[in-house]
Amino acid sequence: MRLPQLLVINVEDQDFRDMLFDYRITRPGIDHQHKHFVSGHYCCHLDTAVYSYSCPRPPSNFSAYWGSDSPPCPPTVQFTCPDLTSGACNKVRAAVYPAAGLDPASGHVANCSRAGRVLLRARPGSGYRLTASVHGSQLSQQLVLDPNSIDTGQVDAFMAQVAAAHSDAMFLLPSEPLGRSFRLGGALVPLQAALTDPAGDKFGEFGWPWELWPWPPSASCSDTGTPAVLRLQGSIKAHFAAFDPSKALPHFPVAFLGKALSVPQYQQQQQQQQQQQEGAAAGAVGSATSGTAAAGGDGSAMVVVSALTGINISVGLLPQLGGCQAWQLHRPGLRLEYGRELWRGTVQELAALRKPVTAGSQLVTVTLADVTEPQPLALPRYGGELYVYVAADTTAAAAAPAVAAAAAALVTVTLADVTEPQPLALPRYGGELYVYVALVLGGVWMFSTVPLIVMFGVVLINVQRNRGLPIFLYRYMRKYRGW
């Protein structure tokens with residue numbers, strides 16, 4: 001029975017490992033969805049008379065990551081005019097832009113059901129006409145226009161035919177390129193593309209860790225590492241308001257494609273005390289963001305006030321919502337970084353602070369990521385820690401609503417695979433004394449049992465002799481033959 005058990009039951013469990021490293025099953029879907037984020041940055045309308053910006057150019061090695069020389073932009077409808085700034089060309093725009101769901105004056109979305117399905121390009125040329133192309137290939141559709149008598153029905157039909165035949169139903173263009181869509185405090189934050197390529201990472205392909213799954217490095221499986229992803233990064237010099245502990249925290253207004261939210265300019269956080277790290281201070285309370293928790297009865301806890309230095313946020317595409325609401329902020333993915341320390345002291349000192357603290361003007365880094373970007377499984381078992389923030393003490397918070405600080409209790413979390421082999425668990429020895437006692441008792445048993453067996457043999461022989469009988473093994477002795 002042991003051989004079938006070793007050959008059949010003792011197999012390597014790969015499911016838990018694949019959750020960490022393997023993307024062979026999900027990678028095609030991830031790449032397809034991530035191309036929408038890439039296209040939302042690189043694909044944009046091009047008309048110098050309406051749009052003051054130019055479209056960003058994809059990197060030269062774009063095809064090395066996504067298999068094509070250019071992003072899969074929607075079909076392009078191009079209109080030509082001898083003079084792009086003339087009144088006749090404006091009449092053409094007045095018919096073409098509404099057919100694409102855009103406002104001809106500003107270029108913003110005007111019709112949510114039509115916007116985002118085609119790209120508009122204006123090019124100087126002889127005559128007034130509409131042409132269409134897909135990924136650089138010219139289509140046979142063409143419509144000649146008369147600026148003085150434009151049939152808007154024909155333009156709408158031309159635009160709808162191109163969109164229905166060649167546009168991706170799961171993609172809609174944002175109202176403006178993603179790199180020009182983020183605003184902090186009312187100011188535009190220009191974002192540049194930053195490609196994250198894990199190909200050079202030793203964890204990018206299977207083959208690690210060798211001691212757990214032994215195979216040679218040269219035999220690493222292809223398409224198992226995290227695929228290359230694109231993120232948009234930029235920075236802006238923001239002007240911070242003064243931090244006054246007697247008032248509410250100041251916030252920055254954030255806008256992205258018409259969606260608005262606000263982020264705190266400062267963070268007020270209590271430093272974790274030594275007894276809390278050792279687990280002796282149970283029942284600590286805190287609040288991580290606003291710092292409106294009670295800091296302790298004596299007010300001697302250390303508090304740090306820091307300024308905002310980074311904003312990390314994810315965006316996702318929901319084409320079912322139409323051209324106006326298709327691109328949404330992933331609010332649970334919002335992560336703020338407070339890296340610049342401005343003030344440090346006790347809770348009592350913060351309460352008695354008379355001069356407001358200010359960060360003045362400093363750079364704030366913004367990172368815009370795709371919500372479909374693959375996220376490797378990150379667990380405390382693999383180098384992380386989990387801090388649990390419990391509810392604030394309302395009584396203490398009411399006494400000092402603006403000078404409270406955050407406290408966190410460290411909780412250890414271990415996540416294991418349910419199918420991992422469980423070793424035989426026995427009660428552990430409590431010390432070396434148990435070993436010494438076991439050795440002594442074992443020696444006493446051995447030296448007392450062996451002589452006892454010999455004594456039993458002597459007693460049996462004497463009993464046989466007292467009865468005038470041979471020893472109990474007489475049947476096997478030659479001199480007693482015949483008995």
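Which residues touch the most other members of the largest nonpolar core? They are Phe 182, Leu 184, Phe 240, Phe 256, Leu 308 and Trp 327, in a core of 47 residues. Keep in mind that this is a predicted model, where local features need pLDDT of at least 70, side-chain atom pairs count only at pLDDT 80 or more, and totals for chains, interfaces and linings use all residues. Residues are numbered from 1 along each chain as its sequence is written, and side-chain values use heavy atoms, with hydrogens and water left out.

**The nonpolar core**

- A nonpolar core is a set of buried Ala, Val, Leu, Ile, Met, Phe, Trp, Tyr and Cys residues joined through side-chain atoms within 4.5 Å.
- Here "buried" means under 20% relative accessible area, "exposed" means over 50%, and "partly exposed" is in between (1.4 Å probe, protein chains only).

**An open sheet of four strands**

- Four strands line up in the order S6-S5-S9-S10, with antiparallel pairing, to form an open sheet.
- Strand S6 (187-188) and strand S10 (259-264) are the edges, and each pairs on one side only.
- Two strands count as paired if DSSP finds at least two bridges between them.
- Strand S5 (residues 182-184) and strand S9 (residues 251-256) are joined by three bridges.
- Leu 184 has Val 254 in S9 as its bridge partner.

**Helix H6 and its two sides**

- Helix H6 (residues 152-166) has 15 residues and should span 21 Å at 1.5 Å a residue, which agrees with its end C-alpha atoms being 21 Å apart; the expected span is 1.5 Å times one less than the number of residues.
- Val 155, Phe 158, Met 159, Val 162 and Ala 163 are buried in H6.
- An α-helix has 3.6 residues a turn, so residues three or four places apart point the same way.
- Ala 164 and Ala 165 are exposed on the other side of H6.
- The buried residues of H6 pack against several elements, including strand S1 (76-81), helix H5 (87-99) and strand S3 (129-134).

**Strand S3 and its partners**

- Five of the six residues of S3 are buried.
- S3 pairs with S1 in the antiparallel sense over five bridges, and Thr 76 stands opposite Ser 133 in S3.
- S3 also pairs with S4 in the antiparallel sense over five bridges, where Val 134 has Ser 137 as its bridge partner.
- The hairpin of S3 and S4 has two residues between the strands, and His 135 takes a positive phi near 55 degrees there.

**A closer look at Arg 114**

- Arg 114 sits in the loop between H5 and S2 and counts as partly exposed, at 33% relative accessibility.
- Leaving aside neighbours within four places in sequence, Arg 114 is in contact (heavy atoms within 4.5 Å) with Pro 98, Ala 99, Ala 100, Gly 101 and Asp 156.
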